[in-house]
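The sequence and structure are shown below.

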Amino acid sequence: MSVRQVRNQVFHGGPDPKDIDLDALQQVVLANAERIVAIYEHGHVARLEPFFITIGGELAALVDYSVGSATYWPRSGPATDVARPEILDELQKRAPQSGDRLLESFAQDIQRDLRGFAERDSIDILVVPSRPIVVRWDLRTSDGTTTRIDRFELDVDHARIWQSESGRKPYKAFLADICNWKLLKERLLEELEEQVELESKISEELFPDIKRNVPNVPAHVRVADSSFGSGGDITIAQACERIIARAGVYSSCTNLIILTGEAGSGKTHSLLQFARESLSQSGDLDPIAIYISSSGVSANSLDTLLDARMARTRILDKSSVLALCRAGLAILVIDGFDELLGFRTYDNPLSGLRPILDALRGKGTILLSARSSYSEARLRRNLDLHPTLNWPPYPVTLELLPWRREQLQRLTSQLSVEVAEQEMPLEIRQLLTTPFFCLAFAAWARAGRNGDFLQFVVEIYLQRERRKLVGQKGEPIFDSDQLADIFSEVAEMIARNAVPEISEEDLELAASQALNCALNREEKRRLIALCGMSAEWAEEELSFRFTHLAIAEQFLARQVVRLPLNQAVSLLFTVAISSLCATLIVSMWRVKHGGLPTELIAALQEKVNATETYDGIPGAISLGELWAKVYGIADGPRTVRRITVDDLELGGSGRVVLDEARIKNLTLGPGVELLLKSSTVARLDLSKSSGAALLGDSYKQIHELLTQSELATGQPRIKHVLGLTDDTADSAIEIDNYFKSNIVLAGGPIIVSARDYAPDGDGRLNWVLEYGIDAWQSFINRMREEGKITLEKVSASGRPKVRLRRTEKFDVR
């Protein structure tokens, strides 16, 4: 066996070659090194670089390289990374042993993929250049193990090929073969039908006379500007088709698709339908959606969640699922991601995602669902603060849109329910854009529209739970008001602790707090009837969770309204409420106090103002959502400070001053003037207004400006659209801020040509050319010299490409 064969076998994880004299092998390596040094010292080498350089006067050999750096190893001492441009350019020109590198990379991926299917330590791989890769391994099956020998090769266009018994096939066909593709789809579909039945059962328990007759109303989503769409509105079915179509397209980074929407907006229903349709497709190698729910299993991480959910298939585990994802055969769908990781506390969401992203190694697609877009925004913020992530994903947002009037009319007409919108308060009309509350409204209308609508929704849930809480003689243990107070305390406890459920002990504590007394023995015994098996703790422990997230939001709003003002402010400062919860608070406040919660907003504003660091704190988000509902479309001058909100529509009339605000989408009505102070607005919609509505230097705090004629991105274009362009040269600070802000707004990896840093055909990066390619190149080189940006080689088709990696958070002035 040659030295090269020994190296390849060990390097790719094979067993140590037998009958090898290690002392003799070491002498061969040392002798070779000494000959190289002797040749160098003799002076016969005219040029060392790029395969050798000198470090501290000692010869060092090339070990590895990328576009951003090359690693050299001297005879003694540690390896050294070198970033000299002339060396990197020379290595790129020569591309040493690129064919061998591709073959070795393929072998590494095979070994990585087989870990989810093979018996431990059974994988032997032989890699010899210009010959097929040979793999001997033991496949795990329900009947035992089967020894296999498989061969693989690279096609002329570097396509990965499996040499099957019936001929040459794509590599993904190999993975489909070893996981028994047809049987796997059948078992996954069986499990999925159980999830669909469970979801339907929950709705039928709440609205028994309605759910059975509900027509299928297609949901719509807004797709962020990306390879999946151009920022427009499409049906959820069309969005899923695009996700399927791009599942096997390699783009050098994992697609992280985040489906956002309020509680009750239909996220779970949409994802279940997506998974069902993908598993019902007849295509042999069409991608499937592997649906994972965050509830119902004992799991505190995505790793354990994947293993637990896949155990019933008796085919897959976490490693094999990720292998299918890397190959584009599967899309990992995680429903309720924010419930699993606790977005309300604004913890690090990447602590759960990072192991999965690292295992995918820049390939595959993950589809997450999370309540409302503040969850998605937190994930983007976390990606921004972790520029050193090994395999940063490319996040794309699918925003599940509120129902339109025609969707509501389609539902109510088929249920023979009339909706008189002009007779409803504004906040109730806003609630009817959510499917859950549409069903509740239909049930309320059929019941005769007696009493307050929201109280009706609460009462339905209370009646369901009170049936479980009866004494020995059949009498109720708690009345409706007492039980509602208990659930309100529970909602606060869940929100503060950022968990989807609470323990039996905490449920008793919440009941004691709500009733302001200790529970007796009978009350404690019957309270357990509300609990089910825990998904968070040991299997023998019980826990309580709300049947539906919309119910949890409703009781959280009720808790805010029932608490004394100072306690309500403390809760809102600690817990970031959603847009839905804010709407519910305004409606309930009007019923209880006879007006709008202006006093609550003023007290919360005072507390947020007193905070030294406010950016992204829960209190700023709660303040933003409440202020938008109460003052967004009011008349007269309005001022607010330090709000963080995703969507803000300013209507009515008068001047609005937003001080230190953080807003994603801001829409200006025709009668409003806007003054921004130290604020950041990702997109301002002036399509219903004009540039004259922007006061002072407000335009400088806007990244995108939408008018009736165009979408202007960047300060040069925004100034031009507003008629503010002058002949003075753009300052270096303005150019730097422009590039920095767009890098931050990009949200995902920025991949450009390794030669000139041009976008290389990626339309999403056209902003790079706003000031000309020379200005962009100068910016990149300056950031590299200052150590704020590094370049990493990217394995992709076409010209050599690099990924820009920030080493610190940009300070955009």
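Cys517 counts as partly exposed, at 40% relative accessibility. Cys240 is buried, with a relative accessible area of 10%. The classes are set by relative accessible area, computed with a 1.4 Å probe on protein chains only: buried is under 20%, exposed is over 50%, and partly exposed lies in between. The structure holds 0 disulfides, a disulfide being a pair of cysteine sulfur atoms within 2.5 Å.

This is a predicted model, in which local features need pLDDT of at least 70 and side-chain atom pairs count only at pLDDT 80 or more, while totals for chains, interfaces and linings use all residues. Residues are numbered from 1 along each chain as its sequence is written, and side-chain values use heavy atoms, with hydrogens and water left out.

Cys240 also belongs to a cavity lining. A search of the whole structure finds 1 cavity of 30 Å³ or more. A cavity is a set of points, on a 1 Å grid over the protein atoms alone, where a 1.4 Å probe fits but cannot get out; lining residues have an atom within 4 Å of a point. Grid points are joined across faces, edges and corners, and the volume is the space filled by probe spheres set on the points. The largest cavity holds about 40 Å³ of space. Its lining consists of Ile236, Ala239, Cys240, Ile243, Leu259, Ser270, Leu271, Phe274, Leu367 and Leu398. Helix 7 (236-245) and helix 8 (267-280) are the elements that give two or more residues to this lining, and helix 7 gives the most, with 4 residues. By class, the lining has 9 nonpolar, 1 polar and no charged residues. Here Ala, Val, Leu, Ile, Met, Phe, Trp, Tyr, Cys and Pro count as nonpolar, Asp, Glu, Lys and Arg as charged, and the others, Gly among them, as polar.

Helices (H or I, at least four residues) and strands (E, at least two) are DSSP runs, numbered from the N terminus. Two strands pair if DSSP finds at least two bridges between them.

| Strand | Partner strand | Bridges |
|---|---|---|
| Strand 1 (residues 52-55) | Strand 2 (residues 58-65) | 4 bridges |
| Strand 2 | Strand 3 (residues 70-74) | 5 bridges |
| Strand 10 (residues 220-223) | Strand 11 (residues 233-235) | 3 bridges |
| Strand 10 | Strand 16 (residues 394-400) | 3 bridges |

Thr54 has Leu59 in strand 2 as its bridge partner. The hairpin of strand 1 and strand 2 has 2 residues between the strands, and Gly56 takes a positive phi near 60 degrees there. Asp64 stands opposite Thr71 in strand 3. Val221 stands opposite Ile234 in strand 11, and the bridge partner of Arg222 in strand 16 is Glu399.

Key
1 Å grid on protein atoms, 1.4 Å probe; cavity = no way out; pocket = protein on both sides within 12 Å on 5 of 7 lines; lining within 4 Å.
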